[in-house]
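Take a walk through this structure, one part at a time. Keep the sequence and the 3D view side by side as you read.

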Amino acid sequence: MRPTAKFSISFGLVTIPVAAYNATDSSTSVSFVRIHTADGGRVRNQPVCSLEGTEITPDEIGRGYKPDGGDTVVPLSDDDLDALPLPTAKTLTILAFVAGGDIDPLQMGKGYYLGIDSPAAAKPYALLREAMERHQRVGLGKIALHGRETLAMIRPVEDVLVMQVLLWPHQIRSLDGVLPERQAEVAPAEVAAAETLMDSFGELSEDDVHDHYREALEEIVAAKLAHREPEFPAGEEQPAGQVVDLMAALQDSVRAARKSRGEDEGEGAGGSSGGGAGSGRTTKKSTTQKGTAKKTAAEKTAEKKEAAKKTAAKRSAATKTAATRTAAKKTAATKAAPARKSASGGGRRAG
């Protein structure tokens, strides 16, 4: 691996010569080329001079700076940039040590591994790394890389120091137009159910951090070259549609997460939620009770319907009973009428 830059870290009166190596490799990411859809020909970006209208070679391309408020472009050579009176041109001076959580992740850019650039730098390098590791702090400073000055963060990662380029604060856009006009109200039971769902997630696996998109894309390309249909492994269908009952969706998600790990629905309510030893993830019993104590709207509706059915059945039975009793009374009255008439006639004849 070849270094992309060499400079020194200034730590008080201690100077540490280092070499920076790219920590990431963007060449392995999925990339496309532009083509002419009519015939598949490549569409290339050709560097053309705006004054002559002719294509120029990379050796003829230099740097220029356009001042604000004008159309004039001032040419700048490498000698001009090297003559800049900036201490950060060759030295990263640490300005402060802060907690890593104080750095806005939006500011983080490209990362570099920092290695020692001379045998004499081995001891101060190890000293700085060990001190930051024990103090749980990261170093903030400024460095000029590739013709521009930038903020930088230095942090220990295993046995090396890593430099992370940071954006300037003014490069982070404001939230105007992003935040909703009216904040949604969230019930405490819903927050508790969401926390339960978070606790039910398992640890990341190798399959989780695998680039499946690249594999699927390569299968499509291979299928096109072989004039066949692409073959993909069958996967679970993701639920679609609008979530109507948030609590029901949260509880169903918890059950699905536990089922995917082979747990019963009752497991994980008061102990570990599936992580390995030392994972630090425990499911809070009180949270689970809060999240499941409230019945969902669907459950309440079902209960109301069931109660209504029972009430209707009782009323129907009562109606049938009353009708049966009424019919029985009428039958008894009909049978009794002739007997009364017979008794009445016999009395008159006796008189």
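Two strands count as paired if DSSP finds at least two bridges between them. With that in hand, turn to the sheet. This is a predicted model.

Strand 2 (residues 14-22) and strand 6 (residues 108-116) run antiparallel. Five bridges join them. For A20, the bridge partner in strand 6 is L114.

Now the aromatic rings. The structure holds one aromatic pair. F11 and F97 form this pair, and the arrangement is edge-to-face. The ring centres lie 5.7 Å apart, with 80° between the planes. The pair links distant parts of the chain. F11 sits in strand 1 (residues 5-11) and F97 in strand 5 (residues 91-98), 86 residues apart. F11 has 25% relative accessibility, so F11 counts as partly exposed. F97 has 34%, so F97 also counts as partly exposed.

Move on to helix 3 (residues 188-200). Its 13 residues should span 18 Å at 1.5 Å a residue. The end C-alpha atoms are 18 Å apart, which agrees. Which residues of helix 3 are buried? They are A189, A192, A193, T196, L197, D199 and S200. These residues cover an arc of only 160° around the axis, so they lie on the same side of helix 3. An α-helix has 3.6 residues a turn, so residues three or four places apart point the same way. The face of helix 3 turned away from the buried side carries the exposed residues P188 and M198.

Helix 4 has 14 residues and reaches 20 Å from its first C-alpha to its last. That is close to the 20 Å expected at 1.5 Å a residue. E219 has 18% relative accessibility, so E219 counts as buried. Not counting residues up to four places away in sequence, E219 touches R228, P230, E231 and F232. Just after helix 4, H227 takes a positive phi of about 55°.

Note on methods
Residues are numbered from 1 along each chain as its sequence is written. This is a predicted model: local features need pLDDT of at least 70, side-chain atom pairs count only at pLDDT 80 or more; totals for chains, interfaces and linings use all residues. Side-chain values use heavy atoms; hydrogens and water are left out. Rings of Phe, Tyr and Trp (its six-membered ring) pair if their centres lie within 6.5 Å; planes under 30 degrees apart count as stacked, over 60 as edge-to-face and the rest as tilted. Helices (H or I, at least four residues) and strands (E, at least two) are DSSP runs, numbered from the N terminus. Buried means under 20% relative accessible area, exposed over 50%, partly exposed in between (1.4 Å probe, protein chains only). The expected span of a helix is 1.5 Å times one less than its number of residues. The arc is that of the directions from the helix axis to the C-beta atoms. Contact means heavy atoms within 4.5 Å.
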